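Here is my note on the contact between the two chains. Please read it with the model open beside you.

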Amino acid sequence: MNFLTEIERDSLCELFNISLGGAAKLMSEMISDEILLTVPSLKLISTEEAKNIEYLADQDVCTIEQKFIGGIGEGSAFLLFHKSASLEIVKMMMKDYVALNEVSQFEKDALSEIGNIILNAILSNLAKMSDYKIETHVPEFFSGKYEDLLLRRNPKKDNSILLVFIDYKLSGKDIKGYIFFILNFDSIKNLSRVLIEKLK
Amino acid sequence: MSQKKALIVDDSTVTRLMIRKIILDKYPDWEILEASSADDAKSLLKDHRDFDFFSLDQNMPGTLSGLDLAEDLKNNYKVAKIVLITANIQDAIKNRAKTIGIDFVEKPVTSEKIIPHLD
């Protein structure tokens, strides 16, 4: 079984903690509201375990996937909302630009752009802290059951799904979202080693 | 303010809409054209030669990036203002924008970020 040592886990957690802080700032700018973040929970999980994540299993969700490749390896980052919250988020983002009754026609595009901005900010910070260059692809939007969207798209046999699972909450609102990263285990391990080297 | 002509290049409809509104709130008489990729922008430029302002995203579908297009524009539009407005805020991207000699704005777009680059 793949595993991370305590120092490797800690270095990655801190990396994502810092990266997410910057991303939360951007998201709060976009929707003019405060974003509350949980401390990143870093887990290496199998596909089977990922299927049973609390609050997501059997839920309708929207995800924006940002594929990336570079020194860090090849992987995917996901921003994920419950479907029920997505229109409210778009309303908050678009309220100064279009009439409220027109917001729904921009839902897919607006969520894709939120994902693009948030996930690129995190990946840019990751690149900066690790001294790796990362190339990002154009984000892709999906809507449907969590299991279908996330898990069937990554059927790799080594089961090194991981990883960082952060949930965020809008202040005073019942809106939650999640950020996932999927990288193969060697890339995860390598990233943590680079960070540890830099700290020495 | 005399009428100017701007081209907004971004694959996000929402971001094009936002940039368009920010510009028109400040300068209602500007003429604004849009393209959803750098490749489409290049085709559009064949019929429109007289732009004063370009807003370019970096990562878009197609063969060209915003910075690829910026290099081309720099050679053909000597006095136009070119701004890269992107979520890709890596130092490598910022440095290349600087080398080409264009402005750099981090998404998300706001009027405070865009307006200083319009003149």
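1. Start with one term: a residue is buried under 20% relative accessible area, exposed over 50%, and partly exposed in between (1.4 Å probe, protein chains only). By that rule A:S124 is buried, because its relative accessible area is 7%.

2. This is a predicted model; local features need pLDDT of at least 70, side-chain atom pairs count only at pLDDT 80 or more, and totals for chains, interfaces and linings use all residues. Residues are numbered from 1 along each chain as its sequence is written, chains are lettered from A in the order in which they are written, and side-chain values use heavy atoms, without hydrogens and water.

3. Stay with A:S124. Its contacts (heavy atoms within 4.5 Å) include B:A87, B:N88, B:I89 and B:Q90. A polar atom of the A:S124 side chain lies 3.3 Å from the backbone nitrogen of B:Q90.

4. Now take the whole interface. In chain A, 24 residues are in contact with 24 residues of chain B. The two chains bury about 1,900 Å² between them; this is the accessible area (1.4 Å probe) that two parts lose on being put together, summed over both. Carbon and sulfur atoms hold 62% of it.

5. Which charged pairs link the chains? There are 2 salt bridges between chain A and chain B, each a side-chain nitrogen of Lys or Arg within 4 Å of a carboxyl oxygen of Asp or Glu. One of them joins A:E29 to B:K113, with the closest N and O atoms 3.3 Å apart.

Technical notes. A polar contact is a pair of N or O atoms within 3.5 Å; within protein, one must be able to donate a hydrogen and the other to accept it, and residues adjacent in sequence count only if both atoms are side-chain atoms. Lists of a residue's contacts leave out its neighbours within four places in sequence.
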